[in-house]
Amino acid sequence: MSQAVRTKPEGMGQALSEAYDTALLDLDGVVYAGGNAIAYAVESLATARAGGMHLAYVTNNALRTPHAVADHLTELGIPTEASDVITSAQAVARLIAEQVPAGARVLVIGGEGLRVALREHGLEPVESADDDPAAVVQGFGGPELPWGRFAEASYAVARGVPWFASNTDLTIPSARGIAPGNGAAVEVVRIATGAEPQVAGKPLPPMHRETILRTGAERPLVVGDRLDTDIEGAFNGEVDSLLVLTGVTDGAQLLAAPPQHRPTYVDADLRGMLTGQPEVTEEGDGFRCGGWTAVAGAERLELDGEGESLDGLRALCAAAWTAAGEGVCALDGGKALARLGL
C-alpha cells in the first residue's frame, strides 16, 4: 500500500503467499488474542503453508520459550516447530552476548523465555542485583511478575550495570482487552534510574537480524497488527508488510501514519495472505481502489463510490499519505471512515 502510488509491489495481482517465500507473522493480535485463535487464522495459515510458503512466528513477547509457543500454536490447529518461532528474548540474548564476557551473569527481570535464550548463548541467568551481574535484561513477565523485580533491576542499573530490554511495547492484546506490555514495565525502571536500555525487539534492527538469521528468508513479508513495531520493523528492514485489522490498529491511526508506519498492504485478517491485493491508482486529484475514489480536500478526506469497505480504506490511505508526504496527515477522515463502517 505505501508503495502503491510509486512502484507496484509484488503482491498486486497474485496471492501474497505466492509472491513471498516467508511470512514473518506477529502472534498477539494477528494469530491469536489471549489463548484463542483469531477468526480465519488457522485456515488461512494452513492454506498458505500447503501452497509452499514458509511460516515463521515473530513475537516481541519474551515471556514464553519457542517450544511453549510452538506447542500452543499446534494446540490451536497450526502445526509448528520451535525452530519456526523467533522471540525478542532470542534477539536480546544475542545482543547481550556480543557485549559481555562468555559465561557472564545476567540479572533477569521477566519469564522463562529470557532464561532459555540466555543459556542458549552460554550466559548465566541470576535473580539478584547482588549476584554481580554483567548486564540486566528486562522482558515481559506476565501479570504475576512481582513488583519487587523492578526494584531489583533498578538497584543494578543505578550501579551502572548495562541495561537491556527485549522490547518496549507499551501494550499487549489479551482475551479481555488491551493490557500493559513490557514497555510499561521498562518505564518503571527508567523513571527510577534515569537510564536508557538497549532494546532488541521490533521495530529495531536486532530483531530483524535475528529473524533473517533463523529463517533464511529471501523474500519475506512481515504480517502484523501494530504500526509502531511490526510495520516500522518492516520499514527498517526494507521489506514489504501486511497490516491486519485484528489487533490494536484502527482506520484513523492508519490514515495518520507517518512514512515508517505505512504498510505495503492492508487487510481485515489473515485471509489477506491468500489473495492478490487490489491496485490503487491515481485518477485526477484522487485515488481509486475498487469502486471507491478518495480525495484529500482542504480540511478533510472525501470518499465517493461504493463497494468493499477495505477498498475504500486503501484509497483513503493513498490520498492521506500522498497529501502528508513525509509528515502526518492531519485531515479529518472520520466521516469517510464512518461511511465504510470503520
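The model is predicted, so local features need pLDDT of at least 70, side-chain atom pairs count only at pLDDT 80 or more, and totals for chains, interfaces and linings use all residues. Residues are numbered from 1 along each chain as its sequence is written, and side-chain values use heavy atoms, with hydrogens and water left out.

**Exercise 1. Find out how many disulfides the structure holds, and check Cys-317 and Cys-329.**

Step 1: Start with the bond itself. A disulfide is a covalent bond between the sulfur atoms of two cysteines. Here it is called when a pair of cysteine sulfur atoms lies within 2.5 Å.

Step 2: Now count: there are zero disulfides. For Cys-317, the nearest cysteine sulfur belongs to Cys-329, 9.8 Å away, and Cys-317 is in no disulfide.

Step 3: Are these cysteines buried or exposed? Buried means under 20% relative accessible area, exposed over 50%, and partly exposed in between (1.4 Å probe, protein chains only). Cys-317 counts as buried because its relative accessibility is 0%. Cys-329 has 10%, so Cys-329 counts as buried too.

**Exercise 2. Describe the chain as a whole: its burial, its contacts and its box.**

Step 1: Take burial. Of the 342 residues in the chain, 54% are buried.

Step 2: Look at contacts (heavy atoms within 4.5 Å). Among those with a separation of 6 or more, 70% come from residues 24 or more positions apart.

Step 3: Finish with the box. Along the principal axes, the C-alpha atoms fill roughly 65 × 45 × 35 Å.
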